[in-house]
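The entries follow the order in which I looked things up.

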Amino acid sequence: GSYSSVQFCGIPQGKGPHAVGCTDLMSDHTIQGSFLRLFYPCIDGDEYEEATWIPRREYYLGLADTLKLNRTIVDFILSYYFGSIKCPAKLNAPFKSGEKYPLVVFSHGLGAFRTLYSAFCIGLASQGFVVAAVEHRDESASATFYLREHSSADSSEQDDASEPLEEVWIYNKAPPPGEDEFPLRFEQVQKRTDECLQALDLLLDINAGKPVNNALPSKFNWLLLKDSIDVQKVAVAGHSFGAATAIKALGRDSRFRCGVALDAWMYSLREELFSTIHQPVIFVNSEKFQWVNNILLMKKMDSTSMERKMITIKGSVHQSFPDFTFLTGYLIGKIFKLKGEIDPYVGMDIIINVTLAFLQRHLGLQKDFNQWDPLIDGKGEFVIPGTNLDLPPAHTEASK
Ligand SMILES: CCN(CC)CCN(C[C@]12C[C@](c3ccc(C(F)(F)F)cc3)(C1)C2)C(=O)Cn1c(SCc2ccc(F)cc2)nc(=O)c2c1C=CC2
């Protein structure tokens with residue numbers, strides 16, 4: 001058939017030795033449950049289809065709300081352009097048992113949802129990671145849903161097991177106009193952190209062989225994950241608001257051994273949190289998403305007792321981390337700030353490789369990811385160490 005330029009390039013495959021599968025898990029029938037898309041090394045085979053990138057059209061409606069655009073028009077345009085996009089992971093392909101994989105819990109950004117960072121998640125999974133991309137129910141996602149037992153008015157119905165579950169959709173809650181948005185974001189980052197910890201507990205239960213009740217209809221065999229996660233090698237990562245979530249999760253749970261903050265939006269974090277974090281963190285920043293207050297909060301996390309790194313990727317933008325950056329032509333991409341100057345595939349390689357190098361160093365992996373160590377120090381053609389802002393002179397003790 002005639003590939004449009006959009007389909008032909010598309011979201012890049014993982015470059016590692018493993019074929020990648022993905023499966024969706026919703027742990028129970030309440031808003032408090034876990035909802036995540038798991039990316040994992042799978043048994044390769046043609047009988048499995050690639051997953052649909054945006055699996056329900058309600059997500060388009062939610063994106064329209066986030067963009068403050070007309071739902072009908074945006075639904076039409078996005079369905080047309082993105083409706084048939086596949087993510088390069090085989091839906092429900094059998095998990096590849098036989099070795100213990102490190103685990104990364106991933107937190108999406110404001111207005112996003114669990115499927116929009118599949119290039120990053122698949123890139124890691126192809127290198128032998130299990131990656132759990134959580135979908136947050138804090139009203140920061142463009143859209144998400146949970147399945148509720150039918151609240152049938154007529155309670156006399158005996159066999160409610162046959163009652164169909166009803167979907168309850170939750171959309172992105174805009175901050176009260178003109179008011180301070182800090183209370184909303186502070187409450188949301190708290191809930192997001194709880195959801196990351198809950199996802200970790202759920203995956204460790206699955207690793208221990210506990211039976212899985214998936215509210216979503218799926219034939220995926222969860223028993224293959226028994227004893228397949230290296231429970232000492234767990235990290236947390238996220239983009240933007242999700243990076244702040246990852247940082248807060250480090251402070252809440254030392255089972256997360258290190259953190260990867262992709263273009264962190266630090267606004268919801270208060271300074272006193274930073275003294276409770278004792279794990280290594282790397283800040284991977286885009287060239288454009290930089291302003292003094294945000295960078296100063298990152299610098300407050302600098303430390304001599306554990307590794308804190310910051311790099312900036314030249315020619316990149318905030319949207320160089322999610323998948324949209326691969327899915328439009330150059331012009332549209334520039335207009336909507338979905339692309340920077342850097343080739344999106346080159347940018348994503350750098351993001352994945354610096355993450356792999358940092359995870360090898362701080363999870364103690366026995367792989368060859370240390371080949372990318374120079375990236376951690378901002379050494380390489382497309383990276384610089386630290387920030388590209390010229391900050392006011394550091395207010396160190398000595399200079400006071
Ligand atoms: C807060 C101001 N805000 C509300 C008006 C502006 C909206 N905005 C810029 C966007 C992402 C955008 C996007 C998507 C998708 C198309 C499409 F056309 F391709 F579909 C176009 C244009 C919406 C450009 C952001 O929220 C930036 N941002 C993000 S972007 C995360 C995201 C969202 C939706 C996605 F589809 C993919 C990724 N995550 C954060 O955690 C934070 C911020 C800002 C502060 C904290």
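**Entry 1: the second largest cavity.** I began with the second largest cavity, which holds about 40 Å³ of space. The model is predicted, and I kept that in mind for each entry. I listed the residues that line this cavity and found Gly33, Ser34, Phe35, Val134, Glu135, Glu195, Gln198 and Ala199. Helix α5, residues 182-207, gives the most to this lining, with three residues. Sorted by class, the lining of the second largest cavity has three nonpolar, three polar and two charged residues.

**Entry 2: the largest cavity.** I then asked how many cavities of 30 Å³ or more there are, and the count came to two. The largest cavity has about 60 Å³ of space. Its lining is made up of Ile313, Ser316, Ser320, Phe321, Thr325, Lys339, Gly340, Ile342, Pro344, Gly347, Met348 and Ile351. Here helix α9, residues 344-363, gives the most, with four residues. I noted six nonpolar residues, five polar and one charged in the lining of the largest cavity.

**Entry 3: the second largest pocket.** The largest share, three residues, comes from β3. By class, I wrote down eight nonpolar, four polar and seven charged residues for the lining of the second largest pocket.

**Entry 4: the largest pocket.** The largest pocket has a volume of about 1400 Å³. It is lined by 47 residues, and closest to its centre I found Thr66, Leu67, Gln319, Phe336 and Leu338. The elements that give two or more residues to this lining are α2 (58-66), α3 (71-82) and α8 (330-335). I noted that α3 accounts for the largest share, with five residues. The lining of the largest pocket divides into 24 nonpolar, 13 polar and 10 charged residues.

**Entry 5: the ligand.** I next asked where the ligand sits, and the answer is the largest pocket. There are 19 residues around the ligand, and the ones that come nearest are Leu110, Ser240, Phe241, Gln319 and Phe324. By class, the shell around the ligand has 12 nonpolar, six polar and one charged residues.

Entry 6: I looked up the atom pairs one by one. A backbone N or O atom of Leu110 is 2.7 Å from an oxygen atom of the ligand. For Phe241, a backbone N or O atom lies 2.9 Å from an oxygen atom of the ligand. With Ser240 it is an N or O atom in the side chain that is 2.9 Å from an oxygen atom of the ligand. Finally I checked how much of the ligand is covered: taken alone, the ligand exposes 800 Å², and the protein buries 78% of that.

Terms used. Residues are numbered from 1 along each chain as its sequence is written. This is a predicted model: local features need pLDDT of at least 70, side-chain atom pairs count only at pLDDT 80 or more; totals for chains, interfaces and linings use all residues. Side-chain values use heavy atoms; hydrogens and water are left out. A residue is near a molecule or strand if one of its heavy atoms lies within 4 Å of it. A polar contact is a pair of N or O atoms within 3.5 Å; within protein, one must be able to donate a hydrogen and the other to accept it, and residues adjacent in sequence count only if both atoms are side-chain atoms. Accessible areas come from the Shrake-Rupley method with a 1.4 Å probe; for residues, only the protein chains shown count as cover. On a 1 Å grid over the protein atoms alone, a cavity is a set of points where a 1.4 Å probe fits but cannot get out, and a pocket is an open set with protein on both sides within 12 Å along at least five of seven lines; lining residues have an atom within 4 Å of a point. A molecule sits in a cavity or pocket if more than half of its atoms lie within 2 Å of its grid points. Ala, Val, Leu, Ile, Met, Phe, Trp, Tyr, Cys and Pro count as nonpolar, Asp, Glu, Lys and Arg as charged, and the others, Gly among them, as polar. Grid points are joined across faces, edges and corners, and a volume is the space filled by probe spheres set on the points.
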